[in-house]
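Jotting things down as I go.

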Amino acid sequence: VQEVMRRAGFKTAGLIANGFVSERWGYRRGFDTWHNYITTRGGLPGLRPNERTAQLDWGRTRGVRAVRGEVMMRDALEWMVAQGDSRFFLMLHTVDPHTPYRAPRQFWEPLVPFPVGKELPLNPNNTGVYADQFNAKKFTFTDRQFQFFEALYLGEVAYTDHYVGKLMDALVAFGIADETLIIITADHGEGFRDHGSVGHGT
């Protein structure tokens, strides 16, 4: 798609937080601007907030990893504004709704169906390990642990939705939303014991 768009005169950019969607597998082809937050640490080089974007309040969540959605969405907005009146094609690929499920607490805590203190039922950093061990029949969730596990995933979805929403609001504020085609899709979902296992490939 990006090759077709570039031939049609669009400025093209790919901002990716997935190690498999990388230069190694040819995904870089067709993009004028390319940044993979996994294979290259940090934000998109060369971007500086301009007067318009500097006034936006993106907030800041504690303990944010360099590849989290809020970093990518800010970079995306800066890149779009930098294109001026040029037509553009921008591909964003975030993997926040993915193990480990460790969204900032304010996104998952309201989704847990019981009070949660400092002592958590599961360690969010190890959710990928729990999933693998459960599928290998080496680990069993208690009811509360599984409710918490699901809430952590939904917290990742809520976190991503929050920052995609901020990007959409910015498009409206800058007067380009009506001229922009926005497509949101996913490469897969997650299973939660629907067919006896959890995570990918269920």
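Below are my notes, starting with the ground rules.

I'm working from a predicted model, where local features need pLDDT of at least 70, side-chain atom pairs count only at pLDDT 80 or more, and totals for chains, interfaces and linings use all residues. Residues are numbered from 1 along each chain as its sequence is written, and side-chain values use heavy atoms, with hydrogens and water left out.

**Q145.** I found Q145 in helix α6, residues 143-173 (helices are DSSP runs of H or I, at least four residues, and strands are runs of E, at least two, numbered from the N terminus). Is Q145 buried or exposed? I get buried, at a relative accessible area of 18% (buried is under 20%, exposed over 50%, partly exposed in between, with a 1.4 Å probe and protein chains only). Skipping neighbours within four places in sequence, I see Q145 in contact with P121, L122, F139 and T140 (contact means heavy atoms within 4.5 Å).

**T160.** I place T160 in helix α6 too. T160 counts as buried because its relative accessibility is 15%. Leaving out residues up to four places away in sequence, T160 touches T94, D96 and P97.

**Cores.** I then checked the nonpolar cores, which are sets of buried Ala, Val, Leu, Ile, Met, Phe, Trp, Tyr and Cys residues joined through side-chain atoms within 4.5 Å. Which members of the largest one touch the most others? I noted L15, Y37, L77, M80, L90 and L167, out of 21 residues. Two or more residues each come from β1 (11-16), α3 (69-82) and α6, and α3 gives the largest share, eight residues. I also logged a second, separate core of 19 residues, including Y101, W108, Y130 and A151.
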